[in-house]
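Subject: Structure handover

Hi,

Here is the structure I said I would pass on. Have a look at it first, and then read on for what turned up.

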Amino acid sequence: MFHWLEQRPFFFAVFVFIFVSFAGIIEVIPDFAKQSRPTVGTKPYTVLELAGRNVYIKDSCNACHSQLIRPFKAETDRYGMYSLSGEYAYDRPFLWGSKRTGPDLHRVGNYRSTDWHENHMLEPSSVVPGSIMPAYPHMFNNIADLDSAYAEALTVKKVFNTPYDEDLNGDGQIDVKLGDYDSAIAAAKKEAEAIAADMKNQKVKDAVANGQVPEIVALIAYLNSLK
Amino acid sequence: MQNGARIEYDYSVAKAFTFATILFGIIGMTIGVILAFQLAFPSLNNLAGEYGTFSRLRPLHTNGVAFGFTLSGIFATWYYVGQRVLKVSLKESPFLMTIAKLHFVLYFVTILLAVVTLFMGLTTSKEYAELEWPLDILVVLWWVLWGVSIFGLIGIRRERTLYISVWYYIASFIAIAMLYLFNNMEVPTYFVSGGIGSWIHSVSMYSGTNDALVQWWYGHNAVAFVFTVPIIAMIYYFLPKESGQNVYSYKLSILAFWGLLFVYLWAGGHHLIYSTVPDWMQTMGSVMSVVLILPSWGSAINMLLTMKGEWQQLQTNTLIKFMVLASTFYMLSTIEGPIQSIKSVNAIAHFTDWIPGHVHDGVLGWVVFMVMAALYHMAPRMYGREIYSKSLMDTQFWLQTTGIVLYFTSMWIAGITQGMMWRAYDEYGSLVYSFIDTVTVLHPYYTIRAVGGLLYLIGFFMFAYNMYKTATSGRILDKEPVNASPVAA
């Protein structure tokens, strides 16, 4: 049979395709619907948090930090409750990471504060002596891209029915408001003011007061949301 | 062309890709060494502002080596091996020649754009699929061109039967096409939102656990069909050519080929053990990873047995040393991977430095060694000149071998140390170490790894120099070198 096949490139290619397709069909596809169902209480990211998430991605924080707590006592003791599938329902892309050069961050919002993050990004070894993390001073100068974050929120709302502007738990209140461009950007800036109030860097405070959101503020908003 | 007349093969595209292989090899590996030193000496992180941090450079390193160096090497060997085993010259078809040249140009431009965009921090964050959607489209374009080149050359072939190397190139082409398309499904936000924000920004089609599942189905098999399958294509052609021996077993090569294709794709699940994907998938990934030993070792043993009765060539021919060492490292890496996929081992190994250790004994020992051996074999035939310095080649071999050993041994120790420290409890049931303790303890191993990487890089510069001198000032050969062992003759 192989003598026949190795003289017929077309059928050969078809056979190769069939052989490599099996795993995807059997392993990847079946659980698609189930795995994307959100856990109760899981909410979509606000525009500011999304902007911060994009800063996290831009500087590849996921190269060294995981966001996946495995169901081991050593991990739940260290980081908190192990991760559940539904908690990631609004994560596009997922940010589990593959290497822990630094600690896991899936619930970092539970045990680190705004000013801790501020010091940490400016000079990691000032809060964690011996840290090998690079400093990220440029995050205090670069302005976060709120427009792209809004575009992203609007896209996932339209294309994937991510529940922005919806009452998720039936208490008559909208959980995460997106609204139109102007109100969404205004809301993000207001959120940024609350975070900047807890920071000590005067340049950052001034920028926020002038209606500009430095990357560090957005990033902290995102990190604080990880609970 | 008259039957029986000599075919004039055209190596212009193979030469262009050879140049790209060496160029991207230097860039990718140099960045790798910088990263290794940054982990050992963190103050090196902020020498170039935001563009020099570990996190910004890391995707550049992986993309540079995987898709810059290795893919160039695969294409270089394809444009050399393809013509020879199909007994047809690119010169005979102006159409295919144009396709091949376009393939090179588009590919080269894409990699350069990839370097620029990754430096800027434009990334989708999915490992080995970091490029944003406009670059993905470019990738698809030249991938299709490569397909046209493969099937075009096959279409006008004179050799009826496809040699086994061609099987592997075809498999690589088809599988990567499928994996890349599905994993890179993303929605550009600029167009859906009606022109708000950056036009290059996109959002993944899949979310959370599903995204992870698709990503590691892709991520692990990018390893399979970039770092394994096409490299086997190379060794199946170059080892018999260089040693003058026939491939040991035809049946074993068939079994190993179809076995590898069927089993490899399932193994992606082993990246998600103890994650939130369903348990049966994790188990499946684990089991299939262990089964994968069979086809992997099938190829490797087939290669090593090809040298049966001719082992003395290890003393006389440095290229045989390169290829035998490559096969040996392939065996090491394909037993190490399955061991790491066993759930209890994975619990310790996952997220630690043992994983980069595993990747690098495979890539440095198997992939880069085999690609360099292939290019060394091709050089005298492409440029009509003898290899410039055999002793330099030999020095390079030993230097790089030392580098690999330092690299993987230090990372094994580092990884297992780290994994054990994370889970250590004292007699009162509290965690013994804070996270930072598990970082600072690794400093000596990070230093050893950086030195190992540096040795390897120096060896690669020797390779680049030797190739350059061979192309420009090696002794001119009046006819192509032919190797035939007494057994084959």
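Predicted model: local features only at pLDDT ≥ 70, side-chain atom pairs only at ≥ 80, totals over all residues.

Tyr128(B) is worth a look for its backbone: phi is near 65 degrees, a positive value in a residue other than glycine. Tyr274(B) also has a positive phi, of about 65 degrees, and is not a glycine either. You will find Tyr274(B) in the loop between α8 (250-264) and α9 (279-291) of chain B. Over in chain A, the peptide bond from Arg92(A) to Pro93(A) is cis, with omega near -5 degrees. Pro93(A) belongs to the loop between α5 (73-79) and α6 (114-122) of chain A. For context, most residues other than glycine have a negative phi, and most peptide bonds are trans.

**Where the chains meet**

Contacts between the chains involve 93 residues of chain B and 85 residues of chain A. Together the two chains bury about 7,700 Å², with 67% of it on carbon and sulfur atoms. On the chain B side, the residues that lose the most area to chain A are Trp258(B), Phe351(B) and Phe435(B), together 10% of what that side buries.

As for polar features, the rule finds 33 residue pairs in polar contact across the interface, both residues being at pLDDT 80 or more. Helix α7 (residues 208-243) of chain B supplies 11 residues, the largest share of the side of chain B that touches chain A. By type, that side divides into 53 nonpolar, 30 polar and 10 charged residues.

How many salt bridges cross the interface of chain B and chain A? The rule finds two. In one of them, Asp353(B) pairs with Lys99(A), and the closest N and O atoms are 3.0 Å apart. Asp59(A) and Arg56(B) also meet through their side chains in a salt bridge, at 2.8 Å from N to O. That pair joins two chains, since Asp59(A) lies in the loop between α4 (47-58) and α5 of chain A and Arg56(B) in helix α2 of chain B.

**More on the charged residues**

Within chain A, Glu75(A) forms a salt bridge with Arg100(A), with 2.8 Å between the closest N and O atoms. This pair links distant parts of the chain, 25 residues apart: Glu75(A) is in helix α5 and Arg100(A) in the loop between α5 and α6. Both Glu75(A) and Arg100(A) are buried. Salt bridges with shared partners bring Arg70(A), Glu75(A), Arg100(A) and Asp104(A) into one network. Over all chains, a search of the whole structure gives 19 salt bridges.

The largest nonpolar core has 175 residues, and Trp146(B), Phe225(B) and Phe238(B) have the most contacts inside it. Helix α7(B) gives the most to this core, with 21 residues. Beyond its neighbours up to four places away in sequence, Trp146(B) touches a set of residues including Phe75(B), Trp78(B), His103(B) and Tyr169(B). Another core, of 51 residues, lies apart from the largest one and has Val47(A), Met139(A), Val208(A) and Ala221(A) among them.

Thr70(B), in helix α2 (residues 54-86) of chain B, counts as buried because its relative accessibility is 0%. Leaving aside neighbours within four places, Thr70(B) is in contact with Val65(B), Val226(B), Phe227(B), Ile231(B) and Val367(B).

Val213(A), in the loop between α10 (202-209) and α11 (215-225) of chain A, is buried at 3% relative accessibility. Its contacts, again leaving aside neighbours within four places in sequence, include Leu48(A), Asn142(A), Lys189(A) and Ala218(A).

Cheers

Methods: Residues numbered from 1 in each chain as written. Chains lettered and ligands numbered in written order. Heavy atoms only, no water. Contact = heavy atoms within 4.5 Å. Buried area = accessible area lost by both parts, 1.4 Å probe. Salt bridge = Lys/Arg side-chain N within 4 Å of Asp/Glu carboxyl O. Polar contact = N/O pair within 3.5 Å; in protein donor to acceptor, adjacent residues only side chain to side chain. Helix = DSSP H or I, 4+ residues; strand = E, 2+ residues; numbered from the N terminus. Nonpolar A, V, L, I, M, F, W, Y, C, P; charged D, E, K, R; others polar. Buried < 20%, exposed > 50% of the residue type's maximum accessible area, 1.4 Å probe, protein only. Core = buried A, V, L, I, M, F, W, Y, C linked by side-chain atoms within 4.5 Å.
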